Amino acid sequence: MTPAERSGSSHVEEARDARLEDESPTLWGQGFSEVGQSMLTSAVRCFAAKGFQATRTRDITAGAKLSPASLYVHFASKEDVLFTISRVGHERALAALQGPEAPDAAAHLRSVFSRFVAWHARHHVAGRVNQYEMFGLNPEHYAEVLGIRQQTTEVFRKAVLRGIADGSFVQVDVNRVVRAMLSLAVDLVRWYRLDGPDSPEQLGEFYAELALGMVTNPAIAKASGASQA
């Protein structure tokens, strides 16, 4: 079997892998040509399955059924593909948190957290790339994506601080608890499958209750150090 045939065989296997089935292709609906969308969808699957470093440009184009040289018509480099995926993915995840605040702090935290979890479940393949392949970005692109991540973190910081301020949450170390919440929310990208027993919405509601427990349980407040500095 030739290298090209081996590569094609690999892509057939990936195309049939249920673990790589999610709604990530819907992320590229605006601002990208049909060919660009196909490349991004292929790249997400390749990066999630093999990692950024191990993926070749020909792997990406083969998954989109295009010639290797066609990637450079739409993207400057393989790193530029990763940056596009990371930027769009993080922007869409942040956008999922936007909306009017719920009337009380607990309902607000439950709402934003469940939406964040559900987003990562629906887009778990792109989410895996967002969480574990960022170090493939060049310094400028890394800084830009990191800025979006920090905006996301701030949404949850404000949600927790709101509850502490009105007395509905216990006094916790906000930074420590928010880190724990975000870790809980994104860890599912390692194992979640759309054909599993829990829908994204069911998982979001369950995880939101766990997150709420982090800010209403006095034992967690004591363990966190209860510092708001």
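Residues are numbered from 1 along each chain as its sequence is written, and side-chain values use heavy atoms, with hydrogens and water left out. Because the model is predicted, local features need pLDDT of at least 70 and side-chain atom pairs count only at pLDDT 80 or more, whereas totals for chains, interfaces and linings use all residues.

When neighbours within four places in sequence are left aside, Phe156 is in contact (heavy atoms within 4.5 Å) with Leu97, Leu109, Val112, Phe113, Phe116, Val178 and Leu182.

The second largest pocket has a volume of about 300 Å³. A pocket is here an open set of points on a 1 Å grid over the protein atoms alone where a 1.4 Å probe fits, with protein on both sides within 12 Å along at least five of seven lines, and its lining residues have an atom within 4 Å of a point; the points are joined across faces, edges and corners, and the volume is the space filled by probe spheres set on them. Of the 15 residues that line this pocket, Gln131, Arg149, Thr153, Leu182 and Val186 are the closest to its centre. Two or more lining residues come from each of α5 (78-95), α6 (105-122), α7 (124-132), α8 (139-165) and α9 (174-187), and the largest share, five residues, comes from α9. The lining divides into five nonpolar, eight polar and two charged residues, with Ala, Val, Leu, Ile, Met, Phe, Trp, Tyr, Cys and Pro counted as nonpolar, Asp, Glu, Lys and Arg as charged, and the others, Gly among them, as polar.

Arg110 is found in helix α6 and, at 31% relative accessibility, counts as partly exposed; with a 1.4 Å probe and protein chains only, buried means under 20% relative accessible area, exposed over 50%, and partly exposed in between. Residues up to four places away not being counted, Arg110 touches Ala208, Glu209 and Leu212, and its C-alpha atom is separated by 8.9 Å from that of Gly204, 94 residues apart along the chain.

The structure holds 10 salt bridges, each a side-chain nitrogen of Lys or Arg within 4 Å of a carboxyl oxygen of Asp or Glu. One of them joins the side chains of Arg45 and Glu21 (3.7 Å, N to O); Arg45 lies in helix α2 and Glu21 in the loop between α1 (3-15) and α2, so the pair ties together parts that are 24 residues apart in sequence. Arg45 is buried, with a relative accessible area of 16%, whereas Glu21 is partly exposed at 38%. Within helix α5, Arg87 and Glu91 lie four residues apart, about one turn of the helix, and their side chains meet in a salt bridge (3.6 Å, N to O). Lys50, Arg56 and Asp59 are linked in a network of salt bridges.
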